[in-house]
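Thanks, everyone. I will take the salt bridges to begin with, then turn to a pocket. Please have a look at the model.

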Amino acid sequence: MAETRQWRLASRPVGEPTSENFELVTVDRPEPDNGEVLVKTLYQSVDPYMRGRMRDAESYAEPWDVGDPMKASVVGEVLESNAGQFSAGDIVTGDLLWAEHAVADANELQPVNPDHGPISTALGVLGMPGVTAYWGLNDVGDPKPGDTVVVSAAAGAVGSVVGQLARLSGARVVGTAGSEAKIDWLTDELGFDAAINYKETDDLSAAVDDACPDGVDVYFDNVGGPITDAVWPRLNVDARVAVCGQIALYNETEVPTGPRKLAKLIETRATVEGLLVSDYQPRWGEALERLSTFVQNGDVQYRENVVEGFENAPDAFLGLFEGENIGKQLVKVADRES
C-alpha cells in the first residue's frame, strides 16, 4: 500500500511552541469511501489561531488531542474521487490534515477557480484571511470616507487586506508592523497613509498620537497587548473596534489581568465586537467575488511567504510568532501532477 506523511501534535506547548511539540510520522495512504475524495496537498496554510488548538482548553476552535494529526486549510489536487462533485485533477480547498495526502467528504470541499488568481491565493487573499478582512472591516468596522482606520499586524494576511479595503472606502489608514521592510511595503506599495514600527518605537502612545491627529474611528485589532493599549485612549466617539486576533497573548501562560480600560467606552460610546469568519459562511461567495475583482484590477495587492517542503511545516508555523512573514505564510507541499 502507498504511504504518506502527516504531522501530529506530540505534546502541548507551555508558552511559545517549539519543534518538540510536533511529530512527523509515515502512515498508509488512505483510500476514499463513497462520497469521499483523496486529495494530494499542494499548499498548506499555517495560521495564528492554530496556537489555541494546541491547548487543552475550551475555545471557538476544537483543541487537538496529543498524538492526533493536526488540521489546516489546504489547497490540493483530487487524485481519486468517489463523489459526483469532483473528478481526478480538480483543484479544491478545505480543512484537511497536516498531511501530504488526506481523504475528505466531498461536501466539505470547495472548488478553486484558477481564473481568479494563483491557486495558492485560495488560502490567503482569496480565502479565509481575505474573507475575514472583508467582512470584519465592512460589517463590524463599517468605515466611512474620512474616517481614520488603524490596523494592527497590518503586514499580515488579514491586516494587509483590511488596510487596502479601508483605503478603497475613502478612509485614512494607519498600520502597525514589526520591521522597516513591512513598513515600507505598507506605505510605498499598499498605500497606507502612515505606519508604525512598534519594535523600533520608544513611545507607542506618542506614535499613535502623531499618526492619528484626529483620533481613531475604526480599530481592527489582530494583536492585542501594548498596541491595543496605545490605540484605546485615541478612540473617537462612536468608534468601532473589530477584535479579530490577540497574537500578543497566545503564548502567555497567564493572561494579564484586565480589562481595565472600559471606562473609555462610556466616554466614546464606542462599539467593541469580536468576529469569527465562520459566522459569514453563507456570504463567503459574495466576499470572494468582490475580492477577486479587486485583485484582478490591482486595487488589492498581496504577498505570500512560501516555505518549501512538507517537512518544514512546523518551522513555518513557528515563524508566525517571530514575525518572519510579510503577507500570507504558506507551506508548499507538492507540485500539481502533469
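Asp147 and Arg240 form a salt bridge, with 2.9 Å between the closest N and O atoms. This is a predicted model, so please hear every value as computed. The pair links distant parts of the chain, 93 residues apart: Asp147 sits in the loop between α2 and β8, and Arg240 in strand β12, residues 235-243. Are these two residues buried or exposed? Asp147 has a relative accessible area of 11%, so it counts as buried. Arg240 is buried as well, at 16%.

The structure holds 11 salt bridges, and I will mention a few others. Asp142 pairs with Lys144, the closest N and O atoms being 2.7 Å apart. Here Asp142 is partly exposed, at 34% relative accessibility, and Lys144 is partly exposed at 38%.

Arg283 and Glu286 also meet through their side chains, at 3.5 Å from N to O. Arg283 counts as partly exposed because its relative accessibility is 35%; for Glu286 the value is 37%, again partly exposed. There is also a network: Arg5, Glu100 and Glu311 are joined by salt bridges that share partners.

Now the pocket. The second largest pocket holds about 720 Å³ of space. Its lining has 21 residues, and those nearest the centre are Gly225, Asp229, Gln246, Leu249 and Pro259. Which helix gives the most to this lining? That is α6, residues 225-231, with three residues. By class, the lining of this pocket has nine nonpolar, six polar and six charged residues.

Notes: Residues numbered from 1 in each chain as written. Predicted model: local features only at pLDDT ≥ 70, side-chain atom pairs only at ≥ 80, totals over all residues. Heavy atoms only, no water. 1 Å grid on protein atoms, 1.4 Å probe; cavity = no way out; pocket = protein on both sides within 12 Å on 5 of 7 lines; lining within 4 Å. Points joined across faces, edges and corners; volume = space filled by probe spheres on them. Helix = DSSP H or I, 4+ residues; strand = E, 2+ residues; numbered from the N terminus. Nonpolar A, V, L, I, M, F, W, Y, C, P; charged D, E, K, R; others polar. Salt bridge = Lys/Arg side-chain N within 4 Å of Asp/Glu carboxyl O. Buried < 20%, exposed > 50% of the residue type's maximum accessible area, 1.4 Å probe, protein only.
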